[in-house]
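User: I would like to go through the terms used for this protein and see what stands behind each of them. Could you take me through it?

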Amino acid sequence: MTELVFLWHMHQPFYKDCIRNKYLMPWVRLHALKGYYDLPLAMEKYGVRGVVNVVPSLIEQLKDYAENSVSDAWLEHTLLDPAEMKEEQKAFVVKNFFMLNWDRLVRTSPRYNELLGKRLRYEKKLDWVETAKLFSDEEILDLQVLFNLKWFGFMAREKFEKLVELDRKDCGFTKNDKEDLLEIQRKVLREIIPLYRRLAEEKVIEISFTPFYHPIFPLVYDTDIAKRCMDSPLPAKYSYPEDAKWHLEEGKRYSEETWGKNIDGMWPAEGSVSPEIIEAAANAGVKWLATDETILMKSLGNSDKAKVLYTPYLLKSEKNQSVAAFFRDKYLSDLLGFSFSQMKPEQAADIFVNYVKNAAANFHGSREAVVSVIMDGENAWESYPDNGEHFLKELFTRLKNDSEIKTTTFGDIVSRGTDKFPIVDNLYSGSWINGNYEIWIGNEEDNSAWGYLKRVRDFYTKYSLNHVVEPQIHNEVMRCFYRAEGSDWFWWYGPQFSTENDWLFDRLFRRHLRRVYNLLGMNYPTFLDIPISSNSETSLFVDPTTEINPIISGRNNGYYEWAGAGFFENSRKAGGAMYNSIKLVDKILYGFNREKLFFRIQLTNPMHFYEHKKYFIKGFLMDHQNIDFALPMVRIEKTPFLIHCSNESGRVADMVGAGEAAFDEVMEFSLYSKKIGLKAGEKAKVYFKILSNEGIELERIPGNGSIEVTVPDDAALFKLWDV
């Protein structure tokens, strides 16, 4: 019997500006209506078990919303009567009330899609205030209701018929409709914590925790620990082991107080571990923790996933303390988090179940296989049709009825004894992303943030030696530091991730530090007024600057062959609140001459890494007709390939000889512009997908939108210049 353990990680950073006593962002409130509510209820409904990891910083905020009727800027702008709103308030709604998945949640509503179209027509021509003036009071009210309505998940719709009525109504909402909707929000928010308590008592879920404000434990302990797994420039050393231990110990205590029972398990923030965490966890009474497969393989010096991954281990400290450890299957977790949302639920569920069975069949350990699926429990579902309802129903029903797979919890496995668990006595230092800490330290913005934190923390250390600080003030000051040590601020700094609210994250990080001085009755230093996030962002796209004539060989033949080509940086700004480790493409170069379009795809790993996986790449060009082609990701000498042409009526033609490809060190191909029907001066939109032989979409490049290539005419060629 294969044991399958889901761990759903539920987390939000501390969004409250305690100086103003106001929440700056709405994500705790809105995610409570979907992921926090849907997943545990769906597990109960369809009869599967698993772990729900709830971060104490999230619990703190959920209680605030449920018990204290707190608000946030988005909620305040929902409550306003459009007829009485100022222009700036309407502008806030028009700008911010489309912050959800457009394809799944906006464009599926005729009215919401209409309002989006109106915004898109004017947003680049007018400022937000001028754009908002074009929206009537009725449109603003519809937007207020639709934004909040579409954040509800499927289990809330099952319970509250009013939500289904509002979905059907779609437009022409009334003030009463809005009030009814917000009352349902309040009911759901009040239900979350009692719901989790009940499901934990009934053994549907095991609740685990993360250190309190979601810090990168090793980096708060000592930023120089990053030297073990990185060679990036690091900031001045920040080392407060007592802070790291507080997050862990207080996180466990607060969780146990909330849930009314012992909490035995822990997901360290970002799966970030180092040997130092073992002793701290053991001393706090933690019985198990979980992290990523990369950490296991680097700890063992063995990358044979089939042989080493699917079993629990015992982590040993230098003082011979021990904690059980489980390691996530990265590929399966990321399929669930990203790729399955693009597939039919039945096909995705088939692939999931077969993968688990194959993993178990190929594992030859001393016990039955344990497959660990660990992922974000809140952000993935808005990318699925119907907020994941049909997929989760299909998957959970199959798992419940499958005689070879048993869903369970990490706590249940550990409770049967750990004596026979293989031992890891040299735990690698790193996180669940690339086995290092590079998302949170090592680039200019991240290092600046650590520098800000160190300056204020060091100031207070010296201040408290020379001044008597009342215990209540001291505790509040330390809360400011603990909140600023959370991983999320550092996640959004640097080049890897971006959001529309980067500036808000930056502001909130600095306000946590400013409040230290506010509490001490002092003026804060001026450096805390200086934003860390850069206002100017280098574009991911760089246009071609001249004609190119590369040899299609699949090999690196020198810089000048592709000099002047445009490029798309796929490794930068890779996403939002979630990270997809299935990233196969690093960069795409593209260009043209008078006869051909050229493309060069640089992979994150050498070609031989992919050949046995039977992946293939599919290219799409969209113009007056659609062009697509598929090529296997194996090394091939220069060869012609088949191109399919279609229009709205279906497939028009298949052409041979309109393109040539070669794959070796890189993937290179060319397309004859005239043969595929592209005329000089026309603009083609290009994107690529990498798929498995099962049809799983592993990656789309670009993740959204397309690369625009203009087929050159004489005028365009004349304008090009090169340096």
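Analyst: Happy to; below, each term is set against its definition.
This is a predicted model, in which local features need pLDDT of at least 70, side-chain atom pairs count only at pLDDT 80 or more, and totals for chains, interfaces and linings use all residues. Residues are numbered from 1 along each chain as its sequence is written, and side-chain values use heavy atoms, with hydrogens and water left out.

User: What makes the protein as compact as a globular protein of its length?

Analyst: Its secondary structure comes to 27 helices and 24 strands (DSSP runs numbered from the N terminus: H or I of at least four residues for helices, E of at least two for strands). The radius of gyration, taken over C-alpha atoms, is set against the globule rule, 2.2 Å times the number of residues to the power 0.38. The protein has 27 Å, close to the 27 Å that the rule gives for 723 residues, so the description holds. Along the principal axes, the C-alpha atoms fill a box of roughly 75 × 70 × 55 Å.

User: Why are α14 and α23 called roughly perpendicular?

Analyst: The axes of α14 (residues 241-259) and α23 (residues 471-484) cross at roughly 90 degrees and come within 11 Å. Axes are lines fitted to C-alpha atoms, for helices over the stretch in contact, with angles from 0 to 180 degrees between N-to-C directions. Angles under 35 degrees count as roughly parallel, over 145 as roughly antiparallel, 65 to 115 as roughly perpendicular and the rest as oblique. The pair is therefore roughly perpendicular.

User: Which residues of α14 and α23 meet?

Analyst: Asp 243, Trp 246, His 247 and Glu 250 in α14 meet Met 478, Arg 479 and Tyr 482 in α23, where contact means heavy atoms within 4.5 Å. By class, this contact has three nonpolar, one polar and three charged residues (Ala, Val, Leu, Ile, Met, Phe, Trp, Tyr, Cys and Pro count as nonpolar, Asp, Glu, Lys and Arg as charged, the others, Gly among them, as polar).

User: What is the class make-up of the lining of the second largest pocket, and which helix gives the most to that lining?

Analyst: The lining has 19 nonpolar, 14 polar and 10 charged residues. Helix α19 gives the most, with six residues.
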